[in-house]
Amino acid sequence: HIGIGNLLADQGRTDEALQEYEAVLAIDPDYPGAYYQIGFTHQNLGNFKQAVEAYRSALKYRDTWDGWHIAANNLAWILATVNDPTLRDGQEALNWANDLVNGFTEELPPDYIEYLDTQAAAFAALGQFDDAVRTTRRALSMAEKMQAPDLQARFQRRLELYFTDRPLHEANQGVDSEIQAANQANPASPPSAEATPPSDES
């Protein structure tokens, strides 16, 4: 059902895809990957309330599910950047982001650069712009070492925003094609750590 759901989602048949994911939960209500796929599908559609609910359901299985990092990052991104103030929760976003990146005292693995972006957005959502700048500079330094000009440009834009004490509100744009490909790279299991938040500010 998960694989079929992902194929349907790729074809834009999201209602049918969601039905497939729900069918998985009807068989096994403790399968976090199905909750994740429901959350991702709703996030891609801009249905952020449903996405948040599904990601939170998936994260109840954090201790036994290897894919929790991606669900946590996607949830934190929505909570930090969504335009809807009734959904925005900078503190919960920061809690999840801290869980993702804290514990590394030196250099983070390259895939974690996206988690730094989320952490900075969460700081900004709370009005902690000095911390947002510090975290984004850390991400920018990583991008420079990776020789990734697109990432460097993204983090430069973030800095321009945070320097002027403005939070990042862009989750309303949904999930772009690059993120969609990364999140659905392996339809039968949780996606890889390459899943990223959207790359442009609104």
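Reply: Gladly! Let us begin with a term: helices are DSSP runs of H or I, at least four residues long, and they are numbered from the N terminus. With that naming, R88 sits in the loop between α5 and α6. Please keep in mind that this is a predicted model.

Me: How many helices and strands are there in the chain?

Reply: The chain has 10 helices and zero strands. Read along the sequence, the pattern is α-α-α-α-α-α-α-α-α-α.

Me: What share of the residues is buried?

Reply: A residue is called buried when its relative accessible area is under 20%. Of the 202 residues in the chain, 51% are buried.

Me: Let us return to R88. Which residues does R88 touch, leaving out those up to four places away in sequence?

Reply: R88 touches L79, A80, V82, N83 and H169. Its relative accessibility is 26%, so R88 counts as partly exposed. There is also a distance to look at: R88 and A122 are 34 residues apart in sequence, while their C-alpha atoms are 9.9 Å apart in space.

Me: Is α5 enclosed or open to the outside?

Reply: Count its buried residues. In α5, 13 of the 14 residues are buried, so this helix is largely enclosed by the rest of the structure.

Me: Which residues of α4 meet α5?

Reply: From α4, they are F48, A51, V52, Y55, R56 and L59, and they meet W68, A71, A72, N74, L75, I78 and L79 in α5. Sorted by class, this contact has 11 nonpolar residues, one polar and one charged. As for geometry, α4 (residues 48-59) and α5 pack at an angle of about 145°, with axes 9 Å apart, and their crossing is left-handed.

Me: Are α7 and α8 roughly parallel or antiparallel to each other?

Reply: Compare the N-to-C directions of the two helices; an angle over 145 degrees counts as roughly antiparallel. The axes of α7 (residues 113-125) and α8 (residues 129-145) cross at roughly 165° and come within 8 Å. The two helices are therefore roughly antiparallel. On the α7 side the contact includes I113, L116 and F123, and on the α8 side F129, M142 and A143 are among the partners. In all, the contact has 10 nonpolar, three polar and three charged residues.

Me: And how are α7 and α9 arranged?

Reply: Here the angle is about 10°, with the axes 12 Å apart. α7 and α9 are therefore roughly parallel. The contact is made by I113, E114, D117, A120, A121 and A124 of α7 with L151, R154, F155, R158 and Y162 of α9. Its residues divide into seven nonpolar, no polar and four charged.

Me: May we zoom in on single residues within helices? Which helix holds V101?

Reply: V101 lies in α6, residues 90-101. At 1% relative accessibility, V101 counts as buried. Beyond its sequence neighbors up to four places away, V101 touches L108, Y115, L116 and Q119. One of these, Y115, is 14 residues along the chain from V101, and their C-alpha atoms are separated by 6.6 Å.

For a second case, take T41 in α3, residues 32-45. Its relative accessibility is 4%, so T41 counts as buried too. Setting aside residues up to four places away, T41 touches T14, L18 and Y21.

Me: What should I look for in the backbone?

Reply: Most residues other than glycine have a negative phi. Q147 has a positive value, with phi near 55°. Q147 is placed in the loop between α8 and α9, and at 70% relative accessibility it counts as exposed.

Me: Where is D165 found?

Reply: D165 is found in the loop between α9 and α10. The phi of D165 is positive as well, near 60°.

Conventions: Residues are numbered from 1 along each chain as its sequence is written. This is a predicted model: local features need pLDDT of at least 70, side-chain atom pairs count only at pLDDT 80 or more; totals for chains, interfaces and linings use all residues. Side-chain values use heavy atoms; hydrogens and water are left out. Buried means under 20% relative accessible area, exposed over 50%, partly exposed in between (1.4 Å probe, protein chains only). Contact means heavy atoms within 4.5 Å. Axes are lines fitted to C-alpha atoms, for helices over the stretch in contact, and angles run from 0 to 180 degrees between N-to-C directions. Angles under 35 degrees count as roughly parallel, over 145 as roughly antiparallel, 65 to 115 as roughly perpendicular and the rest as oblique. Ala, Val, Leu, Ile, Met, Phe, Trp, Tyr, Cys and Pro count as nonpolar, Asp, Glu, Lys and Arg as charged, and the others, Gly among them, as polar. A crossing is left-handed if the near helix is turned anticlockwise from the far one by less than a right angle, and right-handed if clockwise.
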